[in-house]
Amino acid sequence: MKDIETKYGWIVHAVESNYLGYGNLKWIMTTNIGPIFVKQYCKIRYRRGLDGVRDALKYQHPMHLDGIPCQPVYSYNSEYIHTTFSGEDYRFLVLAQDI
């Protein structure tokens, strides 16, 4: 939460764990800009790295801008996977009702 607040200036009001999926930790966070979905990547599951995920996310946001129905992802310093000060990799997206 602190990393998101520091990088984007958003305020996290509430956090709800999401237990769906495999291995990654996930949350839905209520922020001052609306709900966001946050996924922390499992170091064991992705022990070979996140290069493939990084490549896929680089395409997802431009596809959204071109009108293809997919969620926009947010970059910070041109990176779509963010790293906390403690070394945890995560990404997030703003939850949209119309996609």
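How many residues does the hairpin use to join strand 2 to strand 3? I looked, and the hairpin passes through two residues.

**Ground rules**

I am working on a predicted model, where local features need pLDDT of at least 70, side-chain atom pairs count only at pLDDT 80 or more, and totals for chains, interfaces and linings use all residues. Residues are numbered from 1 along each chain as its sequence is written, and side-chain values use heavy atoms, with hydrogens and water left out. I take helices (H or I, at least four residues) and strands (E, at least two) as DSSP runs, numbered from the N terminus. I call two strands paired if DSSP finds at least two bridges between them.

I traced an open sheet of five strands in the order 1-2-3-5-4, with antiparallel pairing. Strand 1 and strand 4 are the edge strands, each pairing on one side only.

I started with strand 1 and strand 2. They pair in the antiparallel sense over six bridges. Asn 18 has Lys 26 in strand 2 as its bridge partner. The hairpin of these two strands has six residues between them, and Gly 21 takes a positive phi near 100° there.

Next I checked strand 2 (residues 25-31) against strand 3. Seven bridges join them, and they run antiparallel. Leu 25 stands opposite Gln 40 in strand 3.

On to strand 3 and strand 5 (residues 89-94). I find five bridges in the antiparallel sense. I noted two bridge partners in strand 5: Val 94 for Ile 36, and Arg 91 for Lys 39.

Is strand 3 enclosed or open to the outside? Six of the seven residues of strand 3 (residues 34-40) are buried, so the strand is largely enclosed by the rest of the structure. I use buried for under 20% relative accessible area, exposed for over 50%, and partly exposed for anything in between (1.4 Å probe, protein chains only).

**Asn 24**

I stopped at Asn 24, in the loop between strand 1 (12-18) and strand 2. Asn 24 is buried, with a relative accessible area of 8%. What lies 2.9 Å from a polar atom of its side chain? I found the backbone nitrogen of Cys 42 there. I count contact as heavy atoms within 4.5 Å. Leaving aside neighbours within four places in sequence, Asn 24 is in contact with Lys 39, Gln 40, Tyr 41, Cys 42, Arg 45 and Tyr 46.

I then went through the loop between helix 2 and strand 4 (82-83), where Asn 77 sits. Its phi is near 55°, a positive value in a residue other than glycine. Ser 78 is found in the loop between helix 2 and strand 4 too, and its phi is near 65°, again positive without being glycine. Most residues other than glycine have a negative phi. Asn 77 is exposed, at a relative accessible area of 64%. Ser 78 counts as exposed at 60%.

**Salt bridges**

How many salt bridges does the structure hold? I list two. The criterion is a side-chain nitrogen of Lys or Arg within 4 Å of a carboxyl oxygen of Asp or Glu.

One is between Asp 3 and Lys 7, with the closest N and O atoms 2.9 Å apart. Both residues lie in helix 1 (residues 2-8), four residues apart, about one turn of the helix. Both Asp 3 and Lys 7 are buried.

The side chains of Arg 54 and Glu 79 also meet in a salt bridge, at 3.8 Å, N to O. This pair links distant parts of the chain: Arg 54 is in helix 2, Glu 79 is in the loop between helix 2 and strand 4, and they are 25 residues apart. Arg 54 is partly exposed, at 24% relative accessible area. Glu 79 counts as partly exposed too, at 35%.

**Helix 2**

I ended on helix 2 (residues 51-65), which holds Met 63. Met 63 is partly exposed, with a relative accessible area of 35%. Which residues form a nonpolar patch on the surface? I noted Tyr 59, Met 63 and Ile 68, with about 310 Å² of accessible area together. Patch members have over 30% relative accessible area and no salt bridge; like charges are joined within 9 Å, nonpolar side chains (Val, Leu, Ile, Met, Phe, Trp, Tyr) within 5 Å. Areas come from the Shrake-Rupley method with a 1.4 Å probe; for residues, only the protein chains shown count as cover.

Asp 55 lies in helix 2 as well. Asp 55 counts as partly exposed at 42% relative accessibility.

Technical notes:
Polar contact = N/O pair within 3.5 Å; in protein donor to acceptor, adjacent residues only side chain to side chain.
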